[in-house]
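Hi,

Here's the structure I said I'd pass along.

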Amino acid sequence: MPETTQILQDVLQMKPVTWFNEEKEKSADPLKKLPVTFLHIQEAQARLQRFAPFLKEAFPETENGVIESPLREAHSFKKNMENYYGRKIEGRFLLKCDSELKVAGSIKARGGIYEVLKHAEDLAFQAKILSITDNYSVLCNESFRNFFSQYKISVGSTGNLGMSIGIVSAALGFQVSVHMSRDAKQWKKDFLRKHGVTVIEHTEDYSRAVEEGRRQCAGDPRAYFIDDENSVDLFLGYAVAALRLQTQLESLGIHICEDTPLQVYLPCGVGGAPGGITFGLKHLFGDAARCYFVEPTHSPSVLLGMLKNDDSVRVVDYGIDGLTEADGLAVGSPSKLVMGLERYLIDGIYTIEDDDLYRLLALLRDSEDCKIEPSAAASLKGPLVTQDIPSGGTHIAWLTGGLFLPENIFRECYEKGKELLG
Ligand SMILES: Cc1ncc(COP(=O)(O)O)c(C=O)c1O
């Protein structure tokens, strides 16, 4: 049986698989053909820089208005993982700790905050109350809050995108509604309501929550819908992470080239966050950056889309229930934008079972004292299930969320993981 047929069978039976993208091309070729370019990432970076004075004042916990996470070596976790799984891992093992990202506590902050800031800037420019050379700390003034309060922002979310958009929109003064899917955790809804955000709860999956948000904004000129399934701005906000990561790698003295490659593992829901980061990394490091998406076995929407060559797939139509504790990854259909942009770029996708998420979460807590949410743990298995790298290479597990996870809920996840570790 051809390999992809076997993989598809396993995917349909919700078994863990690793898929290597045979349609991947030398990255320079697809990158040349895409409508989004490296210049767009640099523009996004420059826009975030313009907003730093505003962010510094509105969120003093940021580093001078820059929202960035640490990159750390994980010696102890690597050793413990080798012992537990009985396999040696070549190369360095680093953690990209978006689980500590200030303001919104997850990878979704990168895109979500960026798109809200861009929208605010567009509105203020159109109204001629802001110019590109101004010090953007003026956006904290009451007059700007009054101006933005005439406008609405809306988004569909499994939780973390809503948190990032809700928090920053409310800080600017927008009226903001978040449509939450059935998988969204109660604590995320409570958190948003405390920040003055209107939360609308849906009993159906993520795609329906997005559809409803889109419908409510249609026809209202003062309403702006942030579309996680199609937004180029979200995508560019995520892509800026690659520029920041490049600086961090340099400061650790890590040089990326074909002989010393970088292998990155990115938890994936609709594909926007991992897609944007992959796009940025391929621009910076070419084929020396190998990017793997990670999905839950019960919600492998991007993988199914790739295997069926169909960007409209819905996992439920294939008898896959979409039920997983990895709420951020509980997405039934992929982003069409990402399917188009990433088809020939990504190196592969692996899927992971929920039990493994708990095991890895507990192992990481015991090894490195990190608090992450189950979705984020998906990245940690990468070195064991993808391509081996030379000893001079580097693995990065992208820890995509966890900062605001309430301690009691984290404790429950940890206890479950400890039990499974035996
Ligand atoms: C913690 C976490 N990791 C990863 C992702 C995946 O991002 P995307 O849906 O853009 O693929 C999400 C999405 O909400 C998330 O919350």
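Isoleucine 153 has valine 176 in β5 as its bridge partner. Keep in mind that this is a predicted model. The two strands involved are β4 (residues 152–157) and β5 (residues 175–180), which pair in the parallel sense over 6 bridges. Two helices go with these strands. Helix α7 (residues 160–172) lies across β4, β5 and β7, and runs at about 165 degrees to β4. Helix α8 (residues 186–194) packs on the sheet too, where it touches β5 and β6, with its direction at about 150 degrees to that of β6.

The sheet itself is open and has 4 strands in the order β6-β5-β4-β7, with parallel pairing. At its edges are β6 (198–201) and β7 (223–226), each of which pairs on one side only. From one strand to the next, the twist averages 20 degrees.

Now for the other sheet. This one is also open, but with 7 strands, ordered β1-β10-β9-β8-β11-β3-β2, and its pairing is mixed. The edges belong to β1 (18–20) and β2 (71–73); each has a single partner strand, so one side of each is left without a neighbour in the sheet. Here the twist averages 25 degrees from strand to strand.

Within that sheet, β8 (residues 262–267) and β9 (residues 289–296) pair in the parallel sense over 6 bridges.

The largest nonpolar core has 136 residues, of which Leu95, Phe148, Leu249, Leu281 and Leu380 touch the most other members. Helix α10 (residues 232–251) supplies the largest share, 11 residues. Domain 1 (3–104 + 235–421) and domain 2 (108–232) both give residues to this core, so it lies between them.

Phenylalanine 148 is worth a zoom: leaving aside its neighbours within four places in sequence, it is in contact with Ala120, Leu123, Ala124, Leu139, Leu172, Gly173 and Phe174.

Cheers

Key: Residues numbered from 1 in each chain as written. Predicted model: local features only at pLDDT ≥ 70, side-chain atom pairs only at ≥ 80, totals over all residues. Heavy atoms only, no water. Pairing = 2+ DSSP bridges. Axes fitted to C-alpha atoms, helices over the stretch in contact; angles between N-to-C directions. Core = buried A, V, L, I, M, F, W, Y, C linked by side-chain atoms within 4.5 Å. Buried < 20%, exposed > 50% of the residue type's maximum accessible area, 1.4 Å probe, protein only. Domains from an automatic or database assignment. Contact = heavy atoms within 4.5 Å.
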